[in-house]
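Try each task yourself before reading its solution.

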Amino acid sequence: MIINISDSFNSMLQSIMFIYVSNYCSKTKRSILSMVTWIVILWGVIQGITLIVGNSSLGSIFIHLIILISGAIIFKEEPLDAMIGFSIVYLLMGIVMILSSNIYLGYMVSKISEKYMEIGMLIFMYFPQYILFTIILYNMNFINSTYKVIKSKSVSIVSLIIVTVLIGFIVSFNGLAYD
């Protein structure tokens, strides 16, 4: 029960981060109402895909591609800006997920009583994401600087998008390896 609530809350925070960072990096700024609307729509899409496909590796990759395309549609005036902003956030999330899942699944899960598995998952899998989102919000100038560096080099843009897709695969296969 607590994992489902945490997962839904995490999806909402991800939607906020993707839209907010993409808007922050974009020259064409969206109104707060527009951003809230898109955040709710994106959250609904993520929840719907997760409900249909599940939290599987295929679902994770499919969600990644849908969000990438959604960002390009939402910020249709500057789709590349949205893709870069999204990719920066996704890359950071992927790195945190790889680290936290390896710590939890590789070391901690065998040391935690079955009774406390959900709490352990919450602490090791979700809490690091919440900390990451807070760090990103407090360091938007760093995110914007990173965005500008990437945008100035066309090779970097393609590389970043490819790296985020690879991170998606790694996170997915990492979960499969511990099943």
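The exercises below go from confidence to the core, then to one helix and its ring pairs.

This is a predicted model, where local features need pLDDT of at least 70, side-chain atom pairs count only at pLDDT 80 or more, and totals for chains, interfaces and linings use all residues. Residues are numbered from 1 along each chain as its sequence is written, and side-chain values use heavy atoms, with hydrogens and water left out.

**Exercise 1.** Find where confidence is lowest and where it is highest.

*Solution.* Start with pLDDT, the predictor's confidence in each residue, from 0 to 100. The protein's mean is 85, and 94% of its residues reach 70 or more. Now go by element; helices are DSSP runs (H or I, at least four residues), numbered from the N terminus. Helix H7 (residues 154-177) is lowest with a mean of 73, while helix H5 (residues 117-138) is highest at 91.

**Exercise 2.** Which residues have the most contacts inside the largest nonpolar core?

*Solution.* A nonpolar core is a set of buried Ala, Val, Leu, Ile, Met, Phe, Trp, Tyr and Cys residues joined through side-chain atoms within 4.5 Å. Buried means under 20% relative accessible area, exposed over 50%, partly exposed in between (1.4 Å probe, protein chains only). The largest such core holds 42 residues, and Phe-18, Val-21 and Ile-136 have the most contacts inside it. H4 (79-108) is one of the helices giving two or more residues; its ten residues are the largest share. Then zoom in on Ile-136: leaving aside neighbours within four places in sequence, its contacts (heavy atoms within 4.5 Å) are Met-17, Val-21, Val-89, Leu-92 and Ile-143.

**Exercise 3.** Where does H5 bend, and by about how much?

*Solution.* Take the angle between axes fitted to the seven residues ending at a position and the seven starting there. For H5 that gives about 35° at Tyr-126, with Pro-128 following within four residues. Among the buried residues of H5 are Tyr-126, Tyr-130 and Ile-136, and what covers the buried set includes H1, H4 and H6.

**Exercise 4.** Classify the ring pair Phe-9 and Tyr-130.

*Solution.* Rings of Phe, Tyr and Trp (its six-membered ring) pair if their centres lie within 6.5 Å; planes under 30 degrees apart are stacked, over 60 edge-to-face, the rest tilted. Phe-9 sits in H1 and Tyr-130 in H5, so the pair ties together parts 121 residues apart in sequence. Phe-9 is partly exposed at 44%, whereas Tyr-130, at 17%, is buried.
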